[in-house]
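Subject: Structure handover

Hello,

Here is the structure you asked about. My notes on what was found follow below it.

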Amino acid sequence: MGARPQFVKAAPLHAALERNGITDVLVHTGQHYDFEMSQVFFDGLSLPDPDHHLGVGSGGHGAQTGQMLGRLEPVLETEQPDVVIVHGDTNSTLAAALAAVKLGLPVAHVEAGLRSRRLDMPEEVNRVVADHVSTYLFCPTQTAVDNLTAEGMRDGVVLSGDVMRDVLGASLPAAAARTSLLGELGVDPGTYAVATVHRSENTDDRERLRSIVRGLELIAKQMPVIVPLHPRTRKELGDTTIDGVRIVKPLGYVEMICLVRNARVVVTDSGGLQKEAYWLGVPCVTPRRETEWVETLHGGWNELTDADAELIAKVATRPPPETSRDETFGGRDASVTIVEHLVRSAERDTSGVR
Ligand code: UD1
C-alpha cells in the first residue's frame with residue numbers, strides 16, 4: 001500500500017487476518033507521505049506501523065512505479081509471503097503486483113474487476129494489469145465479476161463484497177461521536193456540501209479544473225461548500241481563489257465520514273466517496289464522464305455531470321431523490337470472506353487437494 005485509499009482498505013483486512021492468527025507484513029511504498037495523507041489513517045484506523053517503509057515519494061508515473069518495483073523485490077524475497085495482497089488501482093498496486101508475480105508469488109487483488117474503459121486514466125492501466133497477473137481476484141460487485149468474465153478471467157474470481165463497506169460500518173459509532181467537527185467548521189447538519197477533486201483527468205486539465213471550481217462557486221451561492229483539498233489539486237490550483245468555498249486540509253477517515261454523513265450533498269471524483277455517500281444516503285454529484293461504481297447511479301443517488309459547471313450546481317442543489325437505495329450494494333463482511341477464501345486455498349494447497 002502507499003496511497004490514502006489503500007490504508008483505509010487495509011484496515012479491515014488487517015483486523016480479519018489478525019483474528020485468524022495470520023501475520024500480515026505491511027509494506028508502505030511511500031507514495032503518499034504527508035501526515036494528512038498517510039499517518040492520520042494509521043492512527044485513526046488502528047493500523048499498526050508498516051513493517052517496511054520504502055520511502056519512494058513523488059515522481060513521474062514511470063519513475064515512481066519503477067522505484068517501487070526495485071525496492072519491493074528484496075522485501076518480498078526476504079519475507080517470502082504465502083500471498084501478496086494488493087488493493088485498488090494506484091501505482092503502488094501495479095508495482096506490488098508486478099514485483100510479486102515476477103518472483104512467482106501469488107497475488108490477491110482486492111477490488112478487482114473495476115473498469116472505466118479509459119486507458120488514458122492511470123488507475124485503469126494499473127487495475128487492468130494487476131487483475132491479469134493476479135491469482136485471486138476479489139470483486140466488490142457483480143459488475144466487477146462480469147467485467148472480468150468479459151476479459152476471459154474466471155479462475156480465482158470471488159464476489160467478496162467491498163472492504164470499504166466493512167470499514168465504514170466499523171467506523172460509524174466513532175463518526176457519530178465526532179459531530180463537534182461541524183461546529184469547528186461552522187456548519188449545521190444537512191445544510192452544506194462537501195467536495196473533493198483529485199483525479200488527474202480533472203486536475204491536470206486546466207479547463208476542466210476551472211469549470212469544476214466554477215461549479216463549486218455556484219453551489220456556494222446557495223449553501224456552504226467545504227473542500228478538504230488534496231495536495232495534487234492544491235498544487236494545480238496554485239494561488240487561484242475560489243469564491244465562497246471553504247478550503248480545509250485533507251481530513252482523517254472518521255472526520256471525513258462525519259462530514260459526509262451530515263452533508264446535504266457530496267461532489268466528488270473519488271471512487272471511495274461516491275460509495276460512502278451512497279451507503280450513507282447522501283446524494284452525490286460526480287464531475288466525470290463515467291464511474292466504475294455504476295450501482296451508485298441507480299435511483300438518482302449519484303449523477304455524472306462531467307466538468308459542466310452549471311450542471312454540477314444544478315444537480316447539487318436539487319432536492320434529494322425519493323427512491324430507495326440498494327441495501328445489498330457492496331455486500332457484507334468482505335474482509336471475512338477474503339480471509340476465509342485465502343485460508344481455504346492455502347489449506348487445499350498444503351493438502352494437495354485441488
Ligand atoms: C493516487 C492514485 C489514485 C488515488 C489517489 C488517492 C495513482 C496513479 N493514483 O493519486 O488512484 O485515488 O492516490 O489520493 O496511483 N502529494 C503530496 N503529498 C502526499 C501525496 C502526494 O504533496 O502526501 C503530491 C505529489 O507530490 C504529487 C501529487 O500529490 O505531485 C499526486 O500524487 P500521486 O502519488 O501521483 O497520487 P494521487 O494523485 O494522490
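The centres of domain 1 and domain 2, taken over C-alpha atoms, are 26 Å apart. Domain 1 covers 4-162 + 330-351 and domain 2 covers 174-316, with bounds that come from an automatic or database domain assignment.

This is a predicted model, in which local features need pLDDT of at least 70 and side-chain atom pairs count only at pLDDT 80 or more, while totals for chains, interfaces and linings use all residues. Residues are numbered from 1 along each chain as its sequence is written, and side-chain values use heavy atoms, with hydrogens and water left out.

Domain interface

Contact (heavy atoms within 4.5 Å) joins 23 residues of domain 1 to 20 residues of domain 2. The two domains bury about 1800 Å² between them, 55% of it on carbon and sulfur atoms; buried area is the accessible area (1.4 Å probe) that two parts lose on being put together, summed over both.

Across this interface there are 7 salt bridges, each a side-chain nitrogen of Lys or Arg within 4 Å of a carboxyl oxygen of Asp or Glu. On the side of domain 1 that touches domain 2, α1 (4-19), α2 (39-44) and α5 (122-132) each supply at least two residues. Helices here are DSSP runs (H or I, at least four residues), numbered from the N terminus. The most comes from α5, with 3 residues. By class, that side of domain 1 has 9 nonpolar, 5 polar and 9 charged residues; Ala, Val, Leu, Ile, Met, Phe, Trp, Tyr, Cys and Pro count as nonpolar, Asp, Glu, Lys and Arg as charged, and the others, Gly among them, as polar.

Salt bridges

The whole structure holds 23 salt bridges. One of them pairs Arg 127 with Glu 292, with the closest N and O atoms 2.8 Å apart. Arg 178 meets Glu 184 at 3.3 Å, N to O, and Arg 178 also forms a salt bridge with Glu 255, at 3.0 Å between the closest N and O atoms. Glu 255 lies in helix α12 (residues 253-261) and Arg 178 in the loop between α7 (163-176) and α8 (180-185), so this pair ties together parts that are 77 residues apart in sequence.

Regards
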